[in-house]
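Let's take a walk through this model together. Keep the sequence and the 3D view open as you read.

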Amino acid sequence: MPEEVEDYDSDTYREVYTVKLGAAVYALHCFQKKSTKGIETPQHDIELIKSRLKDAEAHAKGSKKMIEIEESSGNVYADLGRTDAKEMLVKAQLASKIGEIIKARHLTQVQAAELLALPQPKVSEMLRGKFRGISEAKMMDCLSRLGRDVQIVVKAAPRSRREGRVEVVFA
């Protein structure tokens with residue numbers, strides 16, 4: 001379950017817990033806290049997240065209706081009103097693939113950090129959905145270092161759309 005922590009109003013941090021079940025992404029909880037580290041999530045917030053996770057799992061299985069369901073645009077960051085939503089979605093997809101490869105290769109974070117030429121804390125943050133300070137180019141370099149070819153393909157958008165889009169496609 002990725003945890004998104006971002007600066008908000010210079011002295012507090014917005015934290016969002018999301019989970020993907022099937023084709024749906026559920027935003028389980030969003031709140032503010034005073035620190036990005038060193039202070040655990042309050043127990044009442046953890047209990048609320050666990051309860052909402054059970055509800056989301058039941059909904060995903062079709063055995064429960066949710067009280068409030070808002071259909072996603074396909075980009076949870078855009079749904080949350082982030083101005084850098086497209087970039088964040090690309091980074092989330094790249095980080096997810098990096099994490100998948102690290103797990104499949106049974107690498108520790110220390111081993112992965114050495115291989116990826118990143119400090120271990122940066123690897124840890126990236127795998128937990130904290131992308132600040134890690135560019136898309138660096139993530140593509142990480143995939144290359146993990147033995148993946150990365151291609152950038154530019155093509156004309158279909159006539160049905162005025163603008164092109166950026167998407168990550170894994171073969």
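**A walk through the chain**

Of the 171 residues in the chain, 32% are buried, meaning under 20% relative accessible area, with exposed being over 50% and partly exposed in between (1.4 Å probe, protein chains only). Bear in mind that this is a predicted model, where local features need pLDDT of at least 70, side-chain atom pairs count only at pLDDT 80 or more, and totals for chains, interfaces and linings use all residues. Residues are numbered from 1 along each chain as its sequence is written, and side-chain values use heavy atoms, with hydrogens and water left out.

The chain has 6 helices and 3 strands. These are DSSP runs numbered from the N terminus, with helices being H or I of at least four residues and strands being E of at least two.

Now look inside. In soluble globular proteins, nonpolar side chains tend to be buried together. A nonpolar core here is a set of buried Ala, Val, Leu, Ile, Met, Phe, Trp, Tyr and Cys residues joined through side-chain atoms within 4.5 Å. The largest one has 23 residues, and the members touching the most others are Y77, I98, L116, M126, F131 and M139. Helix 2 (76-79), helix 3 (85-104), helix 4 (109-116), helix 5 (120-127) and helix 6 (136-145) each give it two or more residues. Helix 3 provides the largest share, with 9 residues. Apart from this core lies another, of 8 residues, including Y17, Y26, I49 and L53.

Which residues does F131 contact, leaving aside neighbours within four places in sequence? They are Y77, M88, K91, A92, A95, M126 and M139.

K91 counts as buried because its relative accessibility is 7%. Beyond neighbours within four places in sequence, K91 is in contact with F131, I134, S135, E136 and M139. K97, meanwhile, lies over the face of F170, 4.9 Å from the ring centre. For that label, NZ of Lys or CZ of Arg must be within 6 Å of the ring centre and within 35 degrees of the ring normal.

Over in helix 6 you'll find L143, which is buried, with a relative accessible area of 5%. Not counting residues up to four places away in sequence, L143 touches L94, K97, I98, I101, R148 and V150. L143 and I98 are 45 residues apart in sequence, yet their C-alpha atoms are 6.3 Å apart in space.

Finally, check the backbone in two loops. Most residues other than glycine have a negative phi, and most peptide bonds are trans. H106, in the loop between helix 3 and helix 4, has a positive phi of about 55° although it is not a glycine. This residue is exposed, with a relative accessible area of 69%. A117 sits in the loop between helix 4 and helix 5, and its phi is also positive, near 60°. At 45% relative accessibility, A117 counts as partly exposed.

Notes. Contact = heavy atoms within 4.5 Å.
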